[in-house]
Amino acid sequence: MAMTIHVDIVSAETEIFSGTANMVFAPAQMGEVGIAPRHAPFITRLKAGQVRVQNEGKEEQVFYVSGGVLEVQPHVVTVLSDTALRADDIDEAAALEAKKRAEDAIVNRQSEFEYAKAKAELAEAVAQLQALNKIRKALR
Amino acid sequence: MAGAKEIRTKIRSVQNTQKITRAMEMVAASKMRKAQDRMHAARPYAAKMRSVVAHVSAASLEYRHPFLIEREVKRVGYIVVSSDRGLCGGLNNNLFRMLIADIGQWHDNEIGVDFCTIGNKALMFFNRFGANIVSQATHLGDAPSIESLIGTVKVMLDAYSDGNIDRLFLVYNDFVNSMTQSPAVEQLLPREPSVDEEVKHHWDYIYEPDSKEVLDQLLTRYIEALVYQGVVENAASEQAARMVAMKAASDNAGELIDELQLAYNKARQAAITQELSEIVSGAAAV
């Protein structure tokens with residue numbers, strides 16, 4: 001029997017492929033790589049492109065990835081695919097936006113987190129809930 | 001028939017409320033199923049991420065990434081995942097209560113806390129108490145996408161890399177089953193090695209292009225995956241909690257209607273009896 005390697009292709013929102021293959025081709029950042037069974041441990045970034053999985057019958061299945069990470073263990077290949085389009089400047093812009101949103105949302109901020117006040121108010125809410133439960137039970 | 005009309009109006013109003021709560025219950029039930037599907041769909045990625053990162057920490061790395069190294073704690077960060085809307089029982093309150101207890105230990109040691117809030121409820125809660133919110137995301141909708149979280153999470157990761165915070169935690173409601181959701185605090189950074197990881201023999205990866213860049217991307221994705229997992233778990237928890245809360249509300253409305261109906265029947269019977277006795281006594285007088 002020919003040697004095979006287990007392949008998992010997953011993205012954050014769903015599992016894309018899981019099965020065995022003779023050979024896997026992936027668009028690594030520094031050029032396409034072909035992974036055969038018993039490859040040495042290897043980890044690389046992927047760029048946008050096709051991941052091709054060749055099964056025992058030499059048939060190929062093709063998956064598109066927009067980037068991600070490829071991890072190779074001697075008998076397992078894992079493709080962690082990105083779902084979103086990623087680039088450092090896009091990420092940076094998103095981060096700035098998230099910060100700005102936070103600043104916009106904050107009104108009349110006190111200097112320090114009023115820990116005691118928060119604790120007291122939560123305790124009150126919990127006490128109210130417990131009282132409600134008690135009343136409800138008493139009515140039954 | 002004094003009072004009977006008022007009682008009838010009251011019954012009708014409670015019935016209307018019951019219709020609404022029952023509709024909300026059914027909507028929550030169907031949304032919960034979808035949210036659960038999304039949660040299960042996200043699990044393989046998170047699981048694979050965990051195992052790859054476990055491999056990375058087990059390998060004897062030529063480069064130690066700051067995300068893997070423990071350092072002295074001067075300031076901590078929390079990513080708090082909450083729901084956008086209320087009417088879901090004590091879900092958010094329970095979470096905040098546990099979180100406040102957790103923050104207490106930092107507070108006692110005079111260690112500052114930064115917050116990153118996801119969801120409207122957490123934003124409003126921490127805003128009211130003047131907490132230091134450094135980034136936020138709200139209105140992720142029923143199907144949260146990982147894209148909407150990237151920026152929010154990056155703010156915290158940058159803060160960690162720049163040394164502004166020395167630990168990062170994730171707080172969310174863990175979906176156990178449709179009746180049980182438990183608030184959970186998980187340490188994201190520095191990554192805590194799990195118990196079953198031990199170095200058996202020394203080996204390392206072949207890196208392409210080099211270990212720093214690869215690890216940077218990998219560990220960023222790792223944290224994002226964990227936060228995303230927390231968000232979808234929390235979304236499923238929210239719908240489950242709402243379903244239970246609305247079911248309780250519908251049941252209570254039902255009981256109330258029964259009681260009011262009884263009171264109405266009594267009032268009606270009393271009025272008829274009174275009328276009859278008036279007619280009888282009138283006839284006797286003639």
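Predicted model: local features only at pLDDT ≥ 70, side-chain atom pairs only at ≥ 80, totals over all residues.
**View 1. Arg38(A) sits in the loop between strand E4 (31-35) and E5 of chain A.** Its phi is positive, about 65 degrees, although Arg38(A) is not a glycine. Residues are numbered from 1 along each chain as its sequence is written, and chains are lettered from A and ligands numbered from 1 in the order in which they are written.

**View 2. Strand E5 (residues 42-46) of chain A pairs with E6(B).** The two run in the parallel sense over 3 bridges; strands count as paired if DSSP finds at least two bridges between them. Look for Ile43(A), which stands opposite Tyr207(B) in E6(B).

**View 3. Chain B meets chain A through 48 residues of its own and 47 of chain A.** Contact means that the C-beta atoms, placed from the backbone, lie within 7 Å. Elements of chain B that each supply at least two residues include helix H1 (4-58), helix H4 (147-161), strand E6 (206-208) and helix H5 (211-285). H1(B) gives the largest share, 8 residues. By class, the chain B side splits into 28 nonpolar, 12 polar and 8 charged residues. The nonpolar ones are Ala, Val, Leu, Ile, Met, Phe, Trp, Tyr, Cys and Pro, the charged ones Asp, Glu, Lys and Arg, and the others, Gly among them, are polar.

**View 4. H1(B) packs against H5(B).** Axes are lines fitted to C-alpha atoms, for helices over the stretch in contact, and angles run from 0 to 180 degrees between N-to-C directions. The pair is therefore roughly antiparallel, a label for angles over 145 degrees. H1(B) passes H5(B) in a left-handed crossing, where the near helix is turned anticlockwise from the far one by less than a right angle. This contact has 38 nonpolar, 10 polar and 11 charged residues.

**View 5. An open sheet of 5 strands in chain B has the order E3-E2-E1-E4-E5.** Its pairing is mixed. E3 and strand E5 (181-189) of chain B are the edge strands, each pairing on one side only. On average, neighbouring strands are turned by 20 degrees against each other, direction ignored. Strand E1 (residues 75-81) and strand E4 (residues 167-175) of chain B pair in the parallel sense over 5 bridges, and Val76(B) has Arg167(B) in E4(B) as its bridge partner. H3(B) lies across E1, strand E2 (112-118) and E3 of chain B, at about 150 degrees to E2(B).

**View 6. Two cis peptide bonds are shown in chain B, from Leu189(B) to Pro190(B) and from Glu208(B) to Pro209(B).** For the bond to Pro190(B), omega is near -15 degrees; that proline lies in the loop between E5 and E6 of chain B. For the bond to Pro209(B), omega is near 0 degrees, and Pro209(B) lies in the loop between E6 and H5 of chain B.

Terms used: Contact = placed C-beta atoms within 7 Å. Helix = DSSP H or I, 4+ residues; strand = E, 2+ residues; numbered from the N terminus. Parallel < 35°, antiparallel > 145°, perpendicular 65-115°, else oblique.
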